[in-house]
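Try each task with the structure open, then follow the solution step by step.

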Amino acid sequence: MGTTEDFEEFARVQIPRLYRTAWLLAGDRHHAEDLVQETLANLLKVWQRIDSPAAYARTALVRTYISQRRRKSWSERPTAELPETAERVGDPELRMALQSALAELAPLDRAVLVLRFFEDRSVEQVALDLGKKTSAITTRTARALDRLRAVLGDGADQLIAL
């Protein structure tokens, strides 16, 4: 055990069994093929160190499946038609100015403003989400808004339209 030829022989014998398990887990031929491929690629990396390759492959397959299910891309499905796009209201130039102004803020300041005003979360919720004290969020919000107003100038009053 341990040579590339041994691995290739193991893969030839085990692919049907792994594929069947992957298909039952995923319920989709394409995802099942991806699962088997990723499992075998991971198995090859540790091939020389494992004692029971069949058991390892089954465990790796299930863990790979669970890991892939956590990814957002797992639930994406191709469609024949593009979905309808939402009609954008407001001034696109103002929206671009806001995006540019937000880019000039520190990442934490940007996160605070987005969570507070675009996702409409309370100070307490933002503090909990970011692992900060509520007083720190209040202070950071005020300072970030001041910087945003300074960057936007007269356009800051129009942000309500967004």
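**Exercise 1. Find which residues of H2 and H3 meet, and describe how the two helices pack.**

Step 1. From H2, the residues Leu 35, Val 36, Glu 38, Thr 39, Asn 42 and Leu 43 take part, and they meet Pro 53, Tyr 56, Ala 57, Ala 60, Leu 61, Thr 64, Tyr 65 and Gln 68 of H3. Contact here means heavy atoms within 4.5 Å. Helices are DSSP runs (H or I, at least four residues), numbered from the N terminus.

Step 2. Sorted by class, this contact holds nine nonpolar, four polar and one charged residues. Ala, Val, Leu, Ile, Met, Phe, Trp, Tyr, Cys and Pro count as nonpolar, Asp, Glu, Lys and Arg as charged, and the others, Gly among them, as polar.

Step 3. The axes of H2 and H3 cross at roughly 125° and come within 9 Å. Axes are lines fitted to C-alpha atoms, for helices over the stretch in contact, with angles from 0 to 180 degrees between N-to-C directions. H2 and H3 are therefore oblique to each other; angles under 35 degrees count as roughly parallel, over 145 as roughly antiparallel, 65 to 115 as roughly perpendicular and the rest as oblique.

A note on the source: this is a predicted model, in which local features need pLDDT of at least 70 and side-chain atom pairs pLDDT 80 or more, while totals for chains, interfaces and linings use all residues. Residues are numbered from 1 along each chain as its sequence is written, and side-chain values use heavy atoms, leaving out hydrogens and water.

**Exercise 2. Work out how helix H5 (residues 107-118) packs on H7.**

Step 1. Their axes lie 9 Å apart, at an angle of about 100°. H5 and H7 are therefore roughly perpendicular to each other.

Step 2. By class, eight nonpolar, one polar and four charged residues make up the contact of H5 with H7.

**Exercise 3. Is Thr 141 buried or exposed, and what does Thr 141 touch?**

Step 1. Thr 141 belongs to helix H7. With a relative accessible area of 7%, Thr 141 is buried (buried means under 20%, exposed over 50%, partly exposed in between, with a 1.4 Å probe and protein chains only).

Step 2. Leaving aside residues up to four places away in sequence, Thr 141 touches Val 112, Leu 113, Arg 116 and Phe 117.

Step 3. For contrast, look at Ala 150, also in helix H7 (residues 134-152). Ala 150 is exposed, at 62% relative accessible area.
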